[in-house]
Amino acid sequence: MRDNDQFENVLATVVALLIAEDQHEAARLMRCLPARLEETGWDNWNGGTALWTVFLEAAPEQYAKLGARRAALEEAISKRLQAVIAPSTQDGYSVQIVPRVVGQSDWRETTGDVSEATRRNIFDGLRLDQVRWHGRLDEVEFLARIFDLKALPSHDPRFPDAAGDIWQHCINNNDWGDDWVYGDNRLNLLRCAAPTFLQFLCETVHPVVRPDRSEALQLVKHYNDQLRTESWELVEQEKIAGRPRFSFRNLRETTARSVSRARTVADALDAAWMQKEIERLEQSIERDPALAIGTAKDLVESCCKSILAKQGIDSPKGADLGDLTKLLAKELKLVPDDISQATKGAENIKQILRNLTALTHNLAQLRGLYGTGHGRDGKHRGLEPRHARLAVASAVTFIDFVCDTYRVRVAGE
């Protein structure tokens, strides 16, 4: 099987077998991942048999997400590959999914880090607005909430640790400028791990540090304007005495959960075009919110058409998203008539289901106002990544529910 065309034909046949046997995730991997064939061993039994391995190269993050499923997927693909190859050779063939080697000049930098440039912008903003970073606490009280100051060295030989050093120069003598903290090499705020830097920002707006709610919210806006370019943001976690306490989150991880669920739906429907739309979503939410909003609408449309096609129903020519969702809702009985009014919460159930179908109408409207596909005047202002994430999460909620409903309907037939 050294001929490239023959190799491709074998792989195509393996994919066809996997699809026929409902091994859709394995089939998707075969279609999407680059494959290479290598002779990896020799078995002396029965006169000698060459051992070959088909390596499927997954991006590192994709490889990691497969987790424990990887072995089962390899086995499923290997079984079909051997069945295709067996009539023409005595050689042994197997499949192994491996992480693709990537070349990146900045690989030594921490993944998900906050760049030094962004940190400087945040600190410069605090300097310009003359913000007292430690709020109503003194410097030692504030920094002790984040760092073990007694474990850090003193720059003043009269004191054994950073706690005494900072007290002497910030409180007792008050001979350091208020912005000394941004460049102190012991705290290393410009280059420390992202969680430490982000925790510092969160503490500057903690209710105990900054009880003025308006002042805290204004600072959070300044922080997030800078942090979102690197897929981080501060978010309210809880309230203390009616005032918000903030924590931080990685926007890529939030997006990944929605994207992962969308991939599961596409696998279940064996919808290759949905996979392409999901890839576009993944790449555009943070960088191009308008494209993400438009693609979210396209994703719902592809899902509707895929399920209708599987039900043997042709999508009407020129049908818009509203027409498609109404047709799908009727076909799958998304709002069933047989929910008894005597059932506790019956009206609530019906209203939620009605709202779910109305969601697609609002998504189409949002796409028309802010998504791709329309020219804009010079005064047009686009939406932010958070709006794109809302649109994507809404789209995924819809396709997840209708796909589950489709599976239930098929299983009951």
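Helix α13 is mostly covered: 16 of its 22 residues are buried, meaning under 20% relative accessible area with a 1.4 Å probe and protein chains only. Helices here are DSSP runs of H or I with at least four residues, strands are E runs of at least two, and both are numbered from the N terminus. This is a predicted model, in which local features need pLDDT of at least 70, side-chain atom pairs count only at pLDDT 80 or more, and totals for chains, interfaces and linings use all residues. Residues are numbered from 1 along each chain as its sequence is written, and side-chain values use heavy atoms, without hydrogens and water.

The 22 residues of α13 (289-310) should span 32 Å at 1.5 Å a residue, and the end C-alpha atoms are 32 Å apart, so the two agree. The expected span is 1.5 Å times one less than the number of residues. Just after α13, glycine 312 has a positive phi of about 80°.

An open sheet of 3 strands runs β1-β2-β3, with mixed pairing; strands pair if DSSP finds at least two bridges between them. β1 (35-43) and β3 (92-99) are the edges, each with a single partner strand, so one side of each lacks a neighbour in the sheet. β2 (residues 49-58) and β3 are parallel, joined by 8 bridges. Leucine 51 stands opposite glycine 92 in β3.

Confidence is given as pLDDT, from 0 to 100 for each residue. The chain mean is 82, and 79% of residues reach 70 or more.

| Helix | Residues | Mean pLDDT |
|---|---|---|
| α15 | 346-370 | 64 (lowest) |
| α6 | 139-143 | 96 (highest) |

How values were computed: Buried means under 20% relative accessible area, exposed over 50%, partly exposed in between (1.4 Å probe, protein chains only). pLDDT is the predictor's confidence in each residue, from 0 to 100.
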